[in-house]
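Work through these exercises with the structure open beside you. Try each task before you read its solution.

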Amino acid sequence: MNAHTLAAPPVASRVQHHGGNELTGTAGLLRFALRRDRIRIPAWALGIGSLVGYFGAVVPLAYPDQAALQTRAEIMKDPAGALLAGPGYGLDNYSLGTMIANEILGMAAVASALMSVFLVIRHTRAEEESGRAELIRAGRVGRFAPLTAALATLLVANAAVFLVLSAAMLANSLAVADSLAIAAGVGLVGVAFGAVGAVTAQLTEHARPASGMAGAVVGLAYILRGIGDSQQLGGSTLSWLSPIGWAQQTRAFFDLRWWPLLLCVALAAVLAPVAYILAGRRDLGAGLLPARPGRASATRFFVHPAGLRLRMERGSIISWCAGLFIFALLTGSLGEAIVASFEAQPEMAAILGMATTGDVLRGALAAFLKYFAMAVAVYAVISVNRLGKEESEGRTGAVLSTKVSRQGWIASALLVTVPASALLLAVSGLGLGLGALSTAGGESVVGEFTAAGLAFLPLVLCFAGAAVLAYGLHSGTWWVWVLVVASLVVGLYGPALNMPDAVLDAEPFGLVPAVPSVELDPVPLLWMSAAAVVLTAAGTAAFRRRDLEA
Amino acid sequence: MTAVIDVRGLNKNFGRVRALDNLDLTLDAGEVHGFLGPNGAGKSTTIRVLLGLLRADSGTVRLFGEDPWERAVGLHGRLAYVPGDVNLWPKITGGEAIDLFASLRGGVNPKRKADLLERFDLDPTKKTRSYSKGNRQKVALVAALASDVELLVLDEPTSGLDPLMELVFQQCIREAKDQGRTVLLSSHILAEVESLCDKVTIIRQGHAVQTGTLAELRHLSRTAVVVICDGEATSVASLTGVHDVHQDGDRVLFTVDDDALPAAMAHLLPLGIRSFTSTPPTLEELFVHHYGNGVRAAAGVEES
Ligand SMILES: Nc1ncnc2c1ncn2[C@@H]1O[C@H](COP(=O)(O)OP(=O)(O)OP(=O)(O)O)[C@@H](O)[C@H]1O
Ligand SMILES: [Mg+2]
């Protein structure tokens, strides 16, 4: 062995190694983070940009003249339209620009906010949780370097979103300043929520609740501005409590003002130091609350794989329940206003894809229920995808080496996902019904909508089944998300954008009978149930045939 | 000369769990120091405090004479750390991971890296996801050993290594020692500690119950003697410091305190010794003694 050719003892290097500060190593970590995100960041930026690009391509087709545009503007004046879209600046002279500012900006801002939350937490708390941060921090890396590198990555990612979005808008020959204001708004909302993520990352020991908390703040911000915007044209005080509202308050393409964006900057500038203070005070790997000793032995319930699963997912199910219920309650309480505006303008309901005959209230709420079912489908896919995470982190092998069979393992996951999906659907319907009860509708509406929510269960389970298939095939989950997102986009925007009938008819959420406004037709539900069973069985069979990854 | 590591009266609580309880630990430059204790004794916690990753509740902690919480970055340029459970990023190669860690310490010696890769038989072009446990461990070991640092902080560094690699590791540590580096080695592999360490600290429930050279620790334990004499060897039982005397055929077995051994020899010599074997306590016996019985251990000689 050539030990003696090794370098001399490094005592001489002591001087050169000395010094360094809390930020040492940031540049290296930033380079590494960008490398790890070299696919993710462009993918998000292109995704957000293509939303606008697509809109720009389709709107002229769907709304060939000003009269057509104005019919859409009327919808956006309505509280229900404002709730989903924006404050409604420039509705009297609606154009592609004002339409993007009013209807797309909010969605794009939510997307960049979620991208930012996930990004920051992935590079901070998730690294600590995995133990990799310990190895990193044992190097010449300052206490604040990982957080600083994560925030710098955040800026890079949102700069990419800004650039792609600007390019997409300018490609549609929209006014330069207003286009830049919208792109900057989306990017800065991302930065602000990235700072929210930087704070929640300091609070919990695990990455998932940190993402959950920050994600809930994003949802809350969207709801706040939704209520605010539906209260009055141009938004009310509530709209100004939301960073997403700030981006919309630039009044792009109507009467541009830049200063609301400073509020986003200010929020980030306040939150980032909070994150630094918290990071500087705590131990690596620790949360804000000290660990408490738990139970010494497992409950009978917990030792079953499904019990374990429920235990792991309990917190997220509760959060989803609370979020959907609150949103549903608010939506339901707008029922009266929606009915009033639909009675004044029946063509609006058609454009929103809602029933125009019979009970207008029930028809409108049934259409809204569809949006909640879409959210539950997202939950179901996330819930099933947890199987893949368990496996890649090496926990599945330990379970499958016991008496638990492979189909039993998948069944135990579904034993949580299926009832939880049913619960979330019922809770959404209940919220809508209760909200409507307080304004209009009569008492029967509560029970009707709770049951109507459950009509979406077979469809939601089809998405869960697709996720099981992806897991069984080990194909990656991307194609399931493509299905989900395509269904959402067609379901949300399809009727408004005059998409071809063939596309609209294939949109699965539209296939579910919109009870209680129409008769319950069991045939599509039976087909969907069969599809869900087939997908799940195929996924299980595939899982039994393949190698375990870790 | 200041000690490389100097910990005095260190306390650390996690909520209601007392992880470290008045811990003392001293390492002089150039020393290979074994850090031993049962599971949950507080070894990893001590090391994380030394790295400035956890903040001490009370007590003084000095690394190269400085506070690791305040001066973590500067100090980390002078040490390399290997944990017992190495988690690497998927989608990068082992070679890239090594360069990343090494560059975070201020650079790697490429020749030494290549040499270590060869000795540890590690393929640096494989993606980390496909590495076995032992190979992930090797990544961290190569990154640490290839760095020009004065102190190696190793927390069960060889967990998962095969016996051949264990020997390579021991050779590398000896070389490090020859180069004048200081090593803190937490380990459950007693043979490794026995063959490498100048000094050993045994901790139990967050408190150092023994510190010293292996010889000093042995000194605290009894030597086992088997003797065959012409005369009546069982008479050694009358000496102070001689215990557990019993006869097995013509052999007489007893244990004797280290400092009573000369007297016992003097007693046996006139009896006509035909055969004599004395076995110093193995490290394992020392551990069973210390791990298993905190009361007796605490009553023993405390660290100097
Ligand atoms: N983050 C933490 N939160 C709560 N308790 C902790 C935490 N880290 C360590 N402990 C507790 O502190 C004590 C010391 O743990 P430590 O990991 O230092 O033991 P160890 O000596 O390294 O054990 P092992 O030989 O098993 O590696 C244990 O009781 C452990 O449960
Ligand atoms: Mg340990």
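This is a predicted model: local features need pLDDT of at least 70, side-chain atom pairs count only at pLDDT 80 or more; totals for chains, interfaces and linings use all residues.

**Exercise 1. Find the residues around ligand 1 and sort them by class.**

Step 1. Look at chain B. The shell includes Phe14(B), Ala19(B) and Pro38(B). Next comes the run Asn39(B), Gly40(B), Ala41(B), Gly42(B), Lys43(B), Ser44(B) and Thr45(B). Glu156(B) and His188(B) complete the list.

Step 2. Sort them. The shell has 4 nonpolar, 6 polar and 2 charged residues.

Step 3. Ask which element gives the most. That is helix α1 of chain B, residues 43-50, with 3 residues.

**Exercise 2. Which polar side-chain atoms lie by an oxygen atom of ligand 1, and at what distance?**

Step 1. Apply the cut-off: a polar contact needs N or O atoms within 3.5 Å.

Step 2. A polar atom of Thr45(B) lies 2.5 Å from a ligand oxygen. For His188(B) the distance is 2.8 Å. For Asn39(B) it is 3.0 Å.

Step 3. Turn to the surface of the ligand. Alone, ligand 1 exposes 640 Å². The protein buries 66% of that area.

**Exercise 3. Describe the interface of chain A and chain B.**

Step 1. Count the residues in contact. Chain A brings 43 and chain B brings 47.

Step 2. The accessible area lost when the parts come together is often used for an interface. Here the two chains bury about 4100 Å² between them. Carbon and sulfur atoms carry 56% of it.

Step 3. Look for charged pairs. The rule finds 3 salt bridges across the interface. In one of them, Asp283(A) meets Lys12(B), with 2.5 Å from N to O.

Step 4. Trace the chain A side. Helices α1, α2, α7, α8 and α13 of chain A each supply at least two residues. The largest share, 5 residues, comes from α8(A).

Step 5. Sort this side by class. It divides into 16 nonpolar, 14 polar and 13 charged residues.

Note on methods. Residues are numbered from 1 along each chain as its sequence is written. Chains are lettered from A and ligands numbered from 1 in the order in which they are written. Side-chain values use heavy atoms; hydrogens and water are left out. A residue is near a molecule or strand if one of its heavy atoms lies within 4 Å of it. A polar contact is a pair of N or O atoms within 3.5 Å; within protein, one must be able to donate a hydrogen and the other to accept it, and residues adjacent in sequence count only if both atoms are side-chain atoms. Accessible areas come from the Shrake-Rupley method with a 1.4 Å probe; for residues, only the protein chains shown count as cover. Helices (H or I, at least four residues) and strands (E, at least two) are DSSP runs, numbered from the N terminus. Ala, Val, Leu, Ile, Met, Phe, Trp, Tyr, Cys and Pro count as nonpolar, Asp, Glu, Lys and Arg as charged, and the others, Gly among them, as polar. Contact means heavy atoms within 4.5 Å. Buried area is the accessible area (1.4 Å probe) that two parts lose on being put together, summed over both. A salt bridge is a side-chain nitrogen of Lys or Arg within 4 Å of a carboxyl oxygen of Asp or Glu.
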